[in-house]
Amino acid sequence: MARFHGTSVRVCVRVLLAGCAMLYTLTAHAAEQSPWLEIHSTHFTVITDAGDKKGKEVALRFEQMRAVFAVLLMKDRLNEPVPLTILAFKNDKDYYQTAPLRQGQPIDTPGFFLPGEDQNFIVLNLLEGESWRAVAHDLAKLLLNYNYPEAPAWFDEGLTEYFSSIRVDDRKYEIGGDPELRSAGAANSSQSLTELLSSQPWLALPGLLTMKRGPSNIAEGTHRTLFYAQSWMTLHYLLHEKKLPETGTYFDLVENQHVPVEEAIQKAYGVTAAQFDQAVKDYFHSLTPLFAAGLQANSPQVYQFPEIVGPDASVITSKVIPEADARAIVAAVKIRIPERREIGLQELQTLATATAPAPVRKTNVKDASEKVLPVAVAGNEIAHRALAWDHLQHREFEAAVEELGDAAALNQGDMWIRYYSSVLKYRMSRAKHADIQGLPNMMQDLRAVLEWYPEFADADDLMAMARMEGGGPIAAMQAERAAMQLSPRNQQYVYHLAEIYVADKKWDAARALLERLKTSSNPQVAAKATERLDQLATEQKYGVSPATAASAKKLPAQPSPFDVLEQDAAKRAAQAQAAKSGTADRRPSKFFQGRLVDVDCSQSPAALLTVTSGAVVMKLRTADYRSLLLIGADTFSCEWNNRSVSVNYKPGGMSDGDLVSLEVR
């Protein structure tokens with residue numbers, strides 16, 4: 001199992017003591033049934049220790065909120081391109097030991113949202129009533145990002161504020177109240193949005209509609225500003241008057257056709273900007289008595305509708321999961337919260353070494369007798385893969401390889417392992433400015449991941465990058481467009497499509513995308529797009545970008561951990577063959593990576609391969625290509641040409657040798 005670099009003796013002692021405590025706890029409860037359940041509804045997974053009834057209620061409430069949001073956007077279905085898990089604790093203690101800290105104290109809300117590149121988490125304290133309402137704003141923002149094109153700040157914030165007032169039960173849902181009154185407004189000294197709009201002059205409409213998005217890390221409690229209040233009321237009016245289609249027309253006029261705001265309002269809504277502004281104010285004043293009534297506890301909200309998803313309308317199932325698995329999931333959440341990361345890592349390390357060697361679970365095997373094989377890997381599989389992801393995030397690639405290997409030995413059927421392995425190969429190639437190692441296996445893993453979770457946009461994006469490197473630009477474009485359709489606001493996917501256009505020499509299409517990305521709201525994407533545009537003319541003229549040429553000189557390809565494993569296997573195979581024939585070749589094996597430009601089979605079954613890398617040209621022989629150790633291909637082909645390869649060989653002279661193994665990509 002991988003170890004953390006630079007860990008002090010004191011930290012090691014703390015890990016050991018924590019491990020002893022956890023081992024004692026696990027042993028004491030080994031004979032009892034785990035209190036943890038994994039609950040599945042149509043769109044959500046809930047992990048909880050609060051029992052079957054409460055767990056299923058959580059899944060139902062989220063299904064209801066999701067259905068209401070689809071109605072607001074006037075969509076038949078919603079995308080969710082990043083898997084979401086809801087972790088629901090039955091008591092305060094476990095929740096507050098997991099929740100983020102503010103000024104050294106756990107947050108005082110009964111739920112929080114934790115975004116991630118690989119998966120998202122929502123964490124709830126079920127001891128508090130209707131704890132899911134605490135994350136309604138975050139859920140709305142999440143679904144909006146995945147299901148609506150990028151829009152101005154007033155639209156996004158207004159819609160999410162409107163949705164965060166939602167209240168659902170088994171008979172109806174209510175929405176439209178002041179979202180800042182949702183937690184007993186009498187106890188809150190801050191002004192509500194209604195009070196702000198009643199006591200201050202409103203922002204000029206053109207100023208509101210052109211206001212830029214503020215910092216992304218604004219705390220939810222700071223939403224009591226005039227901008228949020230006026231955005232909320234503007235969306236309130238548009239939704240009630242069913243003017244969302246006209247709003248889409250307005251966005252097209254302003255964002256794509258660059259029509260001035262006041263002219264766009266006239267064309268889209270059929271009224272002047274002043275008339276539109278007055279209509280929103282009149283609508284607000286008509287609702288003021290209802291908002292005032294909302295100050296009373298449990299008063300009805302502005303709009304009430306029959307339930308969309310009832311208790312019997314959503315198929316919800318549950319199953320018991322091992323307590324060690326649940327603990328690993330909780331610890332995996334903690335390592336994503338900076339102030340909880342250290343304790344989360346300690347808990348994962350303990351779980352990853354806590355048990356005796358376990359049987360491996362194999363899938364898709366023909367012989368039932370092969371389904372269980374003993375392996376010498378200890379610990380919990382979920383803990384191993386959570387540690388692997390943490391290593392990936394910190395560019396500790398070799399440690400990630402080791403953890404993923406341990407996880408796969410414990411459960412080969414876990415699709416997260418195949419996804420993380422693909423991410424690992426891609427990130428290693430980018431860090432080394434080299435080709436992706438094990439490209440065929442990566443593509444096979446991604447196909448399996450997409451069968452498991454078809455909406456996984458990042459898997460589509462990785463598939464596009466793999467196909468681009470494998471020489472299939474059309475298939476790469478298809479995969480990248482699938483990712484963009486699932487997550488329309490992800491600017492990184494748009495940049496990758498531009499890279500695919502460059503690889504396919506579609507210069508005008510690439511230039512158009514990069515020009516658009518220069519002003520991206522994502523500063524990293526904007527910087528990369530600007531740099532790529534500067535290189536484009538040179539690349540179009542000479543066929544290679546200055547950055548690519550420079551990296552080829554400065555960063556020669558180095559063998560990855562995958563290469564090392566393959567080299568060792570090839571070396572052992574060659575030694576075994578030599579021992580069998582009694583003519584051991586004592587020359588040291590060497591590694592070379594480049595492009596296979598020619599295969600000469602004129603003296604079959606012997607073959608002479610020409611492999612180049614920069615100015616280096618190697619001539620490599622095999623006495624019988626039928627017995628050559630191949631990686632990435634089932635059979636040898638004399639027609640191979642212009643293929644990326646890695647070879648192990650016995651040197652003859654400076655630029656020739658005898659092949660030991662050949663990996664083809």
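Which side chain does Arg511 meet in a salt bridge? The partner is Asp508, with an N to O distance of 3.7 Å. Before I go further, please keep in mind that this is a predicted model. The 3.7 Å distance falls inside the criterion because a salt bridge here needs the nitrogen within 4 Å of a carboxyl oxygen.

Both residues sit in helix 21, residues 507–517, and because they are three residues apart there, about one helical turn separates them. Asp508 is exposed, at 62% relative accessible area. Arg511 is partly exposed, at 27%. Elsewhere, salt bridges with shared partners link Asp169, Arg171, Lys172 and Glu174 into one network.

How many salt bridges does a search of the whole structure find? The count is 33. I will go through two others.

One is between Glu263 and Lys267, where the N to O distance is 3.1 Å. These two are four residues apart in helix 10, which spans residues 261–269, so again the separation is about one helical turn. Lys267 is exposed, with a relative accessible area of 53%, while Glu263 is partly exposed at 38%.

The other joins Asp390 to Arg341, at 2.7 Å from N to O. Asp390 belongs to helix 14, residues 381–393, and Arg341 to helix 13, residues 341–352, so this pair ties together parts that lie 49 residues apart in sequence. Is Asp390 buried or exposed? Asp390 is buried, at 4% relative accessible area. Arg341 is partly exposed, at 25%.

Now the strands. Strand 14, residues 590–600, has two antiparallel partners to show you. One place to look is Phe591, whose bridge partner in strand 18 is Asn648.

With strand 15, residues 607–613, strand 14 is again antiparallel, and five bridges join the two. Here you can pick out Asp600, which has Leu608 as its bridge partner in strand 15.

Note on methods:
Residues numbered from 1 in each chain as written. Predicted model: local features only at pLDDT ≥ 70, side-chain atom pairs only at ≥ 80, totals over all residues. Heavy atoms only, no water. Pairing = 2+ DSSP bridges. Buried < 20%, exposed > 50% of the residue type's maximum accessible area, 1.4 Å probe, protein only.
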